[in-house]
Amino acid sequence: MTLDDLLADGAPPIVAILRGLTPQEAPAVGAALIDAGLRIIEVPLNSPSPLDSIAALQRQFGEEALIGGGTVLSVEAAEGLHGAGGRIMVTPNTDPAVIARGAALGLELMPGFMTPSEAFAAVRAGARRIKLFPAARLGASYVKAVKEVLPRDVGLWAVGGTGAYSIGEWLSAGCEGIGVGGALYRPGDSAAQAGEKARELVAAWKAAKGEFR
């Protein structure tokens, strides 16, 4: 199952960013998100024992969701993510060596960029999807400007200051999807809290999707 497959099947184009998740919390939080309709889950590598959380989520939900890691900053981290069973690699920056290693390992790639130069460097290194970070600082008008020059087959995702309140704005600007962190999950949140926020996100996406058909 790839990200293309998930989106083609109608999954919300929303990456659930679970920064601070612990391995003990991972199964319950993962179940709550999937029950709410989310199918793309990222555990940032600056969380407690992140590879254990990723492995646990992959074992339990790997057949129905795309599980991976974020804040991947080195080739070694990319290899660790792959070893834990992660299938999507998200970075906050543009490091061609890390992107190329992720591509060689067969990981789905979503490297972060801020400038057009970084965007094109990420594409040259093998990325088909890139994330604008921090998106809220730059705004939807920036997305529109960058998309004017990007190849048409490159998907742009907005991450950083995004949530249910803004998903329609990002989709309208031409984003393929968004990643949501603090507006969805904060360390210590219960599975029930995460599930409720996830349902709000999915409802907002459905409303926005209706607007842009």
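Student: Which residue does the side chain of D4 meet in a salt bridge?

Tutor: This is a predicted model. In it, the side chain of D4 meets that of R128 in a salt bridge, with 3.3 Å from N to O.

Student: Where in the chain do D4 and R128 sit?

Tutor: D4 belongs to helix α1, residues 3–8, and R128 lies in the loop between α6 (116–125) and β7 (129–132). The pair links distant parts of the chain, 124 residues apart.

Student: How many salt bridges does a search of the whole structure find?

Tutor: The search finds 6 salt bridges. Another of them joins R129 to E176, whose closest N and O atoms are 2.8 Å apart.

Student: Where are R129 and E176 placed?

Tutor: R129 is in strand β7, while E176 is in the loop between α9 (167–173) and β9 (177–180).

Student: Is R129 buried or exposed?

Tutor: R129 counts as buried, because its relative accessibility is 5% and the limit for buried is under 20%.

Student: What does D189 pair with in a salt bridge?

Tutor: The side chain of D189 meets that of K197, at 3.3 Å from N to O. Salt bridges that share partners also join D4, R128, R129 and E176 into one network.

Student: Where is D189, and is it buried or exposed?

Tutor: D189 lies in the loop between β9 and α10 (191–211). D189 is buried, with a relative accessible area of 15%, whereas K197 is partly exposed at 26%.

Student: Which residues does D189 touch, leaving aside those up to four places away in sequence?

Tutor: On that basis, D189 touches L184 and K197. The side chains of D189 and K197 also make a polar contact, at 3.3 Å.

Student: Let us change topic to the helices. At what angle do α2 and α3 pack?

Tutor: Two packed helices are described by the angle between their axes and the distance between the axes. Helix α2 (residues 26–36) and helix α3 (residues 50–61) pack at an angle of about 50 degrees, and their axes are 9 Å apart. The two helices are therefore oblique to each other.

Student: Is the crossing of α2 and α3 right-handed or left-handed?

Tutor: The crossing of α2 and α3 is right-handed. On the α2 side the contact is made by A26, P27, G30, A31 and I34, and on the α3 side by S53, L57, Q60 and F61.

Student: One more residue, then. Where is I40 found?

Tutor: I40 is in strand β2, which covers residues 40–44. I40 is buried, with a relative accessible area of 0%.

Student: What does I40 touch, not counting residues up to four places away in sequence?

Tutor: The contacts of I40 include L3, L6, P12, I14, V15 and A16. L66, I88 and W157 are also among them.

Student: How far apart are I40 and Y142 in space?

Tutor: They are 25 Å apart, C-alpha to C-alpha, with a sequence separation of 102 residues.

Notes
Residues numbered from 1 in each chain as written. Predicted model: local features only at pLDDT ≥ 70, side-chain atom pairs only at ≥ 80, totals over all residues. Heavy atoms only, no water. Salt bridge = Lys/Arg side-chain N within 4 Å of Asp/Glu carboxyl O. Helix = DSSP H or I, 4+ residues; strand = E, 2+ residues; numbered from the N terminus. Buried < 20%, exposed > 50% of the residue type's maximum accessible area, 1.4 Å probe, protein only. Polar contact = N/O pair within 3.5 Å; in protein donor to acceptor, adjacent residues only side chain to side chain. Contact = heavy atoms within 4.5 Å. Axes fitted to C-alpha atoms, helices over the stretch in contact; angles between N-to-C directions. Parallel < 35°, antiparallel > 145°, perpendicular 65-115°, else oblique. Left-handed = near helix turned anticlockwise from the far one by under 90°.
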